[in-house]
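Dear colleague,

I am passing this structure on to you, as you have not worked with it before. Please look it over first, and then read the notes below.

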Number of protein chains: 2
Amino acid sequence: MPTVSKEDYLKTIYQRIEEGEQASTSSIARTLKVSNAAATDMLKKLSLQGFVNYKKYKGVSLTAKGRKEALSLLRRHRLWELFLMKVLKLKWDEVHKEAELLEHKTSEKLIDKIDQYLNHPKFDPHGAPIPDKRGVLPKEKKFIRLDAAKENKIYTIVKVNDKDDELIRYFAEIGFKLNTKFEVKKIFNIDGTITVKNKKGQFNLSPVVAKNIFVREVRK
Amino acid sequence: MPTVSKEDYLKTIYQRIEEGEQASTSSIARTLKVSNAAATDMLKKLSLQGFVNYKKYKGVSLTAKGRKEALSLLRRHRLWELFLMKVLKLKWDEVHKEAELLEHKTSEKLIDKIDQYLNHPKFDPHGAPIPDKRGVLPKEKKFIRLDAAKENKIYTIVKVNDKDDELIRYFAEIGFKLNTKFEVKKIFNIDGTITVKNKKGQFNLSPVVAKNIFVREVRK
DNA sequence: TTAAAAAATTAAGTATGCTTAAATTTAAAA
DNA sequence: TTTTAAATTTAAGCATACTTAATTTTTTAA
Ligand SMILES: [Mn+2]
Ligand SMILES: [Mn+2]
Ligand SMILES: [Mn+2]
Ligand SMILES: [Mn+2]
């Protein structure tokens, strides 16, 4: 069993790779808010314990063992998020922080009860897929990042990045929830600002914000 | 905010004192399964931080600040126990262990939601009182320890010690739940064994077991 | 009231997971 | 291709919460 810290490292590495990016020491350190030195240190330990493949200066990847732990933690995190929202009525922007803590202290027995209570849900409140007991992920519908969308097309939101609660609050404020339909009105070439329009009105989204929204095109 | 370890120390000290016993270094160490040296060490730190009154060789007591933290942790623990049983259907002997972990990672916001969901319950599944948001405990009905009961009287169970899951399983097995009515048939002077009789049948309880059951006399 | 036993404390040291500062390696730019 | 910059690693050290062994204080019992 990895420690709390190690679980968070493995999850971070998994997510970096899943996003199609390099799991560099500095990106891990940045996400976990620790120094690069601390991350290097931990990568060495994780490697010794067989959770990651690590070669000095060459980056890191997960072994089967490490991937299993990462998926287990993601399962616990995402089930907690959904449970806290559905059952205990916590808000969309609150559940990530709470789940970040509870995830490490949740037994398999408990998480299976939660899974059962929720009737084996496939996605969390932010659209992220929930691995099943065996670590199998549900198939996701195709999506693109909003900053890669095209003008005058209609999209629906399938996933948002849940790491920043301020951002989530902003999404909620402008009526951007899961499955919200909206139209991309204009994309400014100068800075990539995207003008979108939904039931609530018209908004300008910066490219930084748009990168955190994942959408699927729908026909009018 | 005290650390996880410190919270557990404060809770242990509170409970030792509540039981009317001395919060000795060794009793704390025994409960927390650490060495006496570790406990001494921690008591010094807790004292420096104003959570306890501690004088070398003279034992320890809680300050107002320490008591507040202890009650806060007990609240989180006991609400979790009840929630896990009532909502997620964990068993009577399972909830203590789960709550022992979750208690430290539960925000005030979350515990208030749980409290609200359960409609501000006053007692946990083992009969222990749940402090309210302000740290106020509900009044408990008078009770005695079963090893102080008298022959040929009828009692009802108001509380059991939840620390040992094997013991809790045994209680369940012989039909000893909260509010179970039973009669004390005989108390053996030699070793203090108590013969009790309830709907399920007649059982001999050792004095060690009896010490963990709290009862109130009821008229036939 | 003193000697032995028990309880508590101090001392020295360990594992984990961090820090900052210095050194090294790799990547980018001139 | 060399120089510079960025990324990464190493080195040294710190805080927390433990351990075992030695010492001190208190309690109990002879
Ligand atoms: Mn976490
Ligand atoms: Mn999420
Ligand atoms: Mn605990
Ligand atoms: Mn309990």
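**The interface between the chains**

In this predicted model, chain A and chain B bury about 1,700 Å² between them, with carbon and sulfur atoms giving 71% of that area; buried area here is the accessible area (1.4 Å probe) that two parts lose on being put together, summed over both. Of the area that chain A buries against chain B, 31% is supplied by A:Leu88, A:Lys105 and A:Leu110, more than by any other three residues. Counting contact as heavy atoms within 4.5 Å, 19 residues of chain A meet 19 residues of chain B.

The rule finds 2 salt bridges across this interface, where a salt bridge is a side-chain nitrogen of Lys or Arg within 4 Å of a carboxyl oxygen of Asp or Glu. A:Glu94 forms a salt bridge with B:Lys109, and their closest N and O atoms are 3.1 Å apart. On the side of chain A that touches chain B, α4 (64-86), α5 (95-102) and α6 (108-117) each supply at least two residues, and α6(A) gives the most, with 5 residues. These helices are DSSP runs (H or I, at least four residues; strands are E, at least two), numbered from the N terminus.

Donors are taken as N, O and S atoms within 2.8 Å of the metal (3.2 Å for Na, K and Ca), and water is not among the atoms, so sites may look incomplete. Because A:Asp8 lies in helix α1 (residues 4-18) and A:His104 in the loop between α5 and α6 of chain A, the pair ties together parts that are 96 residues apart in sequence.

The manganese ion (ligand 2) is coordinated at 2.1 to 2.4 Å by A:Glu81 (OE), A:Asp124 (OD), A:His126 (ND1) and A:Asp162 (OD). Here A:Glu81 belongs to helix α4 and A:Asp162 to the loop between β4 (154-160) and α7 (165-173) of chain A, so this pair ties together parts that are 81 residues apart in sequence. A:Glu81 counts as buried at 0% relative accessibility, and A:Asp162 is buried at 8%.

**How to read the numbers**

Residues are numbered from 1 along each chain as its sequence is written, while chains are lettered from A and ligands numbered from 1 in the order in which they are written. Local features need pLDDT of at least 70 and side-chain atom pairs count only at pLDDT 80 or more, whereas totals for chains, interfaces and linings use all residues; side-chain values use heavy atoms, with hydrogens and water left out.

Best regards

How values were computed
Buried < 20%, exposed > 50% of the residue type's maximum accessible area, 1.4 Å probe, protein only.
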